[in-house]
Amino acid sequence: MKSRTKKLRPTQWIALGFIGTILVGTVLLCLPISNKAEPLSVLNQLFIATSATCVTGLTVASIATQYTLFGQVVILLLVQVGGLGLVSVLSFILTLSKHRFGLDEKRLIQESVGKATVESAPLFLKRVVGYTFLFEGIGAVLLFVRFVSMTDVSEALWFAVFHSVSAFCNAGLDLLGSTSLVGYANDWYLNLVIMALIVCGGLGFTVWFDLSDKLTNRSKRKLRYHTVVVLKLTGILTVLGMVLFMMTEWSNPGTLADLNFADKTLVSLFQSVTLRTAGFSTVNYANLREVTKLMMLVFMLIGGSAGGTAGGIKTTTVLVLLLYFMNVRHSKNDVVYRKRRISVALFTKAFYLVSMYGIVLFGAMCILLCSDTIASLDLLFESVSAIATVGLSVGITSSLSVVGKLVMIVLMTIGRIGPMAVFVSLFENEGNTHHVEYPDADLLIG
């Protein structure tokens with residue numbers, strides 16, 4: 001009998017790439033040269049390596065005090081690779097060496113960068129890497145101007161590069177201590193630069209390419225449909241999040257109560273932006289009111305836009321679901337938004353994605369409620385923060401049990417790779433190509 005080796009699909013290569021990167025990062029972080037003091041346990045090193053590679057930002061120790069420069073460089077490289085994707089990084093290196101990509105390689109790049117067509121995937125990848133370095137370079141220069149007034153030139157330069165990459169990749173890891181940016185809550189310059197980098201990374205590369213083409217090509221009449229929708233949704237969600245946070249925390253002495261109106265506005269705006277899966281914070285989330293935590297869960301799950309460095313179910317996914325729910329309410333045949341019909345296939349994909357998030361979160365919460373004696377809302381907040389690769393925490397990360405930390409590691413990995421990609425990698429059967437049609441089911445709904 002002839003033995004046959006099953007060919008790995010692109011989604012499986014991507015998943016293996018992320019897992020391999022995490023394991024390599026864990027080994028490097030365990031080295032004595034990476035740690036200033038006593039090295040953390042292997043589990044905690046694995047947790048931080050996963051958080052960096054999955055651009056989440058949850059940590060069980062302070063990056064600044066635990067790791068040496070070598071360890072911090074390892075973490076930054078994990079963030080950069082995680083933000084772009086290992087396949088994208090390796091493919092870009094091969095592109096520089098004039099490597100000619102085969103069809104299978106192009107399909108792998110296509111899956112990695114989320115490009116619709118196979119042939120244009122390598123060119124799209126070049127632009128992705130180019131724009132990434134451009135935004136991160138500009139961000140580093142702007143941040144250096146601020147950090148150089150706080151410390152010496154060499155450290156200021158390192159701080160600028162680290163935080164620029166971390167912000168653009170929506171990682172949320174920092175070198176400013178164990179309280180993120182809480183000590184800089186009223187620093188307008190630093191806050192605005194970090195927020196700009198977060199938004200630039202979260203909008204998605206397709207949006208930036210379209211905006212760039214619009215500015216450089218006079219014959220281009222209008223922006224793409226996707227670009228207009230993403231910009232509109234981003235603006236609405238940012239303003240809405242800021243207003244809701246300000247309303248719920250206005251008189252809370254642990255967050256906004258002692259600030260003037262301008263600083264309250266800045267802090268509220270920053271929390272709204274960072275909820276788009278960035279992970280930085282300028283207030284102590286342990287002091288938040290319960291209603292604020294509930295509100296933030298929704299915004300964290302929504303996340304950023306498709307094709308960028310942000311996580312979550314994505315803004316366009318939520319829009320498609322809302323449009324279809326409104327369509328059912330008004331009993332319309334076609335779902336139309338901005339003079340374009342939203343296909344049933346898009347709704348099916350969106351519904352499937354949200355369902356997968358719900359199933360994974362439900363399973364994770366069942367395990368956490370059995371393994372950890374922490375308030376259920378705080379556990380849910382941490383779980384959503386992990387699977388949406390947000391990185392915001394109410395201060396319970398280091399208090400999680402071994403099982404709790406393992407659950408968070410799995411959630412961060414699934415969130416970065418994508419629940420749908422994980423499901424396809426594990427259960428899709430390529431051998432089943434038969435298509436059979438059956439009669440409609442006679443079921444009563446509702």
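Four salt bridges are present in the structure, a salt bridge being a side-chain nitrogen of Lys or Arg within 4 Å of a carboxyl oxygen of Asp or Glu. One of them joins Asp-213 to Arg-127, with the closest N and O atoms 3.4 Å apart. Asp-213 belongs to helix α10 (residues 205-216) and Arg-127 to helix α7 (residues 121-147), so the pair ties together parts that are 86 residues apart in sequence. Helices are DSSP runs (H or I, at least four residues), numbered from the N terminus.

The model is predicted; local features need pLDDT of at least 70, side-chain atom pairs count only at pLDDT 80 or more, and totals for chains, interfaces and linings use all residues. Residues are numbered from 1 along each chain as its sequence is written, and side-chain values use heavy atoms, with hydrogens and water left out. The pLDDT, the predictor's confidence in each residue from 0 to 100, averages 83 over the protein chain, and 82% of the residues score at least 70. Where pLDDT is low, the predicted coordinates should not be read in detail.

Helix packing was examined next. Axes are lines fitted to C-alpha atoms, for helices over the stretch in contact, and angles run from 0 to 180 degrees between N-to-C directions. The axes of α2 and helix α17 (residues 402-417) come within 9 Å and cross at roughly 20°. α2 is therefore roughly parallel to α17, the term covering angles under 35 degrees. On the α2 side the contact includes Leu-43, Leu-46 and Phe-47, and on the α17 side Leu-406, Ile-409 and Met-412 are among the residues involved. By class, the contact of α2 with α17 comprises eight nonpolar, five polar and two charged residues (Ala, Val, Leu, Ile, Met, Phe, Trp, Tyr, Cys and Pro count as nonpolar, Asp, Glu, Lys and Arg as charged, and the others, Gly among them, as polar).

Helix α4 (residues 69-84) packs on helix α8 (residues 153-168) at an angle of about 30°, with the axes 9 Å apart. α4 is thus roughly parallel to α8. Leu-69, Val-73 and Leu-76 are among the α4 residues that meet α8, where the partners include Trp-158, Val-161 and Phe-162. This contact of α4 with α8 has nine nonpolar, three polar and no charged residues.

For helix α9 (residues 188-203) and helix α12 (residues 261-274), the packing angle is about 25° and the axes are 10 Å apart. α9 is accordingly roughly parallel to α12. Residues in the contact include Trp-188, Ile-194 and Ile-198 of α9 and Leu-266, Leu-269 and Phe-270 of α12. The contact of α9 with α12 divides into ten nonpolar residues, one polar and one charged.

Conventions. Helix = DSSP H or I, 4+ residues; strand = E, 2+ residues; numbered from the N terminus. Parallel < 35°, antiparallel > 145°, perpendicular 65-115°, else oblique. Contact = heavy atoms within 4.5 Å.
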